[in-house]
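Biologist: I'm new to this one and would like to learn how to read it. Could you walk me through it, feature by feature?

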Amino acid sequence: MKVYLVGGAIRDKLLNIPIKDRDWVIIGATSEMLLSLNFRQVGKDFPVFLHPKSKEEYSLARIDRKYGLGHTGFKTNCSKTVTLKEDLMRRDLTINAIAQDKNGNYIDFFNGIQDIENRILRHISPSFCEDPLRIFRVARFSAALNHFGFKIAKETMQIMIDMVKTKELLYLTKDRIWKETEKALKTHNPHVYFQVLYNCNALSIIFPEVNLICQYESKYVNKYHQQIYFKFNFFLEIAKISSLNREIDIRFSYLCNIICQYTSFNYSFFSHKIYNETSKKLVETFCRRLNIPSYIGDLSIIFSGCFKFLSLIHFRSSKSIIIFFNKIDAWRKPNRIRKLSVLINLYMFFSIDIKIIDSYQSNFLEKVFDVSNRVSVKSILRLGFTGIRIRDELFRLRVIAIDKWRKDYNNLRTIKT
């Protein structure tokens, strides 16, 4: 029985990236042998075990044979006779197929070390095309390693394009697609993920809303913009937001709002409506199709649906602001206000001359929420209010509190000027 360190840990070590997880492959062993050594089996589709002390993952060497559609249509052979080379050959990219023995020696059958040095993402063998999820993995690695200068090999991009033509992407589960997208959104350059999917034509199948934007901008962008790195404005917008904020729900909410701005031209910025139902429904559909976690989806729906109300929040009446807080359940979920404040501040930072954004406009949403949230319900109860009158009085006092804060702030600003 031989044990090798494999995959991402080797890649990250060679790139001087902090290693998060270590994966090990075992050659010449069986499940029974590992269980007798107190390893705990956790894999369902193929034998994966947790080490009794380190809790790191150990997998039996295996060979996958394609028999069905999607990324689950494989039969696995985990016999003792499977070699290290056979196990590494089933992996996606050469940079992820390097092993290291107990003495620290590298085993590199597919020139992964050279591809790391040359900053190339290259598939290992023609069997790459058997798993459509690998398209998203390559896009995600491209985003994660973009700041190192990694590029996708031409032959790998071509095989990805050919894979998309088979329509096998349609057999991928929502959860697996979201898992790769979520990881991509956490990278330094998430826009690259969508850019790669666009280049191999996968975007039109999985993210049609984003693809329509890219097609529109591809058609009307001028020749100068075609020469710069960020070929489409959509990618530039995602790149900008990602440079200032790493929270995945913030990034995804901003992405959803970009989509809405391309589809909701008929909605006036000066409308008194809090929600734009068109944008709200579009994002709801988008999130439902991708099975987005609720904490991300809820924020995305609120920001996109209320964007034009929020974009002029400092001009809205105090009454409408309290109605907005009630509508988004801000009193029970105050963190939504912080998130929305971050989002609208980022929008103003990128869309408006920063010189004209004063301290009154900056974080305005958080300021008025804090002022209105200080109104005490207990004081209303002491005055003898009951039933629905409590709610009405609380609403009235909160409006008064915001009006007073606005007046005091404006008086102070007048004095200073």
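Modeller: Let's start at Met1, which sits in the segment before strand E1 (2-6). Keep in mind as we go that this is a predicted model.

Biologist: Okay. Is Met1 buried or exposed?

Modeller: The general idea is a cut-off: a residue counts as exposed when its relative accessible area is over 50%. Met1 has 53% relative accessibility, so Met1 counts as exposed.

Biologist: Which residues form a nonpolar patch on the surface?

Modeller: Met1, Val3 and Leu37 do, and together they have about 260 Å² of accessible area.

Biologist: How do I read distance in sequence against distance in space?

Modeller: Take Thr30 and Met1. They are 29 residues apart in sequence, while their C-alpha atoms are 9.3 Å apart in space. Thr30 belongs to the loop between strand E2 (23-27) and helix H2 (31-36), and is partly exposed, with a relative accessible area of 21%.

Biologist: Leaving out residues up to four places away in sequence, what does Thr30 touch?

Modeller: Leu60 and Lys80.

Biologist: Let's zoom out. How many helices and strands does the protein chain have?

Modeller: The count is 21 helices and 11 strands. The protein chain has 417 residues, and 51% of them count as buried. Its accessible surface comes to about 21,500 Å², with 53% of that belonging to carbon and sulfur atoms.

Biologist: What about contacts across the chain?

Modeller: Consider contacts between residues at least 6 apart in sequence: 67% of them join residues at least 24 apart.

Biologist: Now salt bridges. What's the general idea?

Modeller: Side chains of opposite charge can pair when their charged atoms come close. Searching the whole structure gives 19 salt bridges.

Biologist: Which residue forms a salt bridge with Glu180?

Modeller: Arg140 does, with the closest N and O atoms 2.9 Å apart. This pair links distant parts of the chain: Glu180 is in helix H7, Arg140 is in helix H5 (residues 133-144), and they are 40 residues apart.

Biologist: Are these two partners buried or exposed?

Modeller: Buried means under 20% relative accessible area. Glu180 has a relative accessible area of 3%, so Glu180 is buried. Arg140 counts as buried as well, at 12% relative accessibility.

Biologist: Can you show me another pair that links distant parts of the chain?

Modeller: Arg289 forms a salt bridge with Glu209, and their closest N and O atoms are 2.8 Å apart. Here Arg289 comes from helix H14 (residues 277-290) and Glu209 from helix H10 (residues 208-220), 80 residues apart. Arg289 is partly exposed at a relative accessible area of 29%, whereas Glu209 counts as buried at 17% relative accessibility.

Biologist: And what about a pair within one helix?

Modeller: Look at Lys240 and Glu237, which form a salt bridge with the closest N and O atoms 3.0 Å apart. They are three residues apart in helix H12 (residues 233-244), so about one helical turn separates them. Lys240 is partly exposed, with a relative accessible area of 23%, but Glu237 counts as buried at 17% relative accessibility.

Biologist: Which residues are linked in a network of salt bridges?

Modeller: Glu247, Asp249, Arg338 and Lys339.

Biologist: Which residues form a positive surface patch?

Modeller: Lys20, Arg176, Lys179, Lys183, Lys186 and Arg246. One of them, Lys179, is in helix H7 (residues 174-185). Lys179 is partly exposed, with a relative accessible area of 42%.

Terms used:
Residues are numbered from 1 along each chain as its sequence is written. This is a predicted model: local features need pLDDT of at least 70, side-chain atom pairs count only at pLDDT 80 or more; totals for chains, interfaces and linings use all residues. Side-chain values use heavy atoms; hydrogens and water are left out. Patches are made of residues with over 30% relative accessible area and no salt bridge: like charges are joined within 9 Å, nonpolar side chains (Val, Leu, Ile, Met, Phe, Trp, Tyr) within 5 Å. Accessible areas come from the Shrake-Rupley method with a 1.4 Å probe; for residues, only the protein chains shown count as cover. A salt bridge is a side-chain nitrogen of Lys or Arg within 4 Å of a carboxyl oxygen of Asp or Glu. Lys and Arg count as positive and Asp and Glu as negative; His and the chain ends are not counted. The place of a charge is taken as NZ of Lys, CZ of Arg, CG of Asp or CD of Glu. Helices (H or I, at least four residues) and strands (E, at least two) are DSSP runs, numbered from the N terminus. Buried means under 20% relative accessible area, exposed over 50%, partly exposed in between (1.4 Å probe, protein chains only). Contact means heavy atoms within 4.5 Å.
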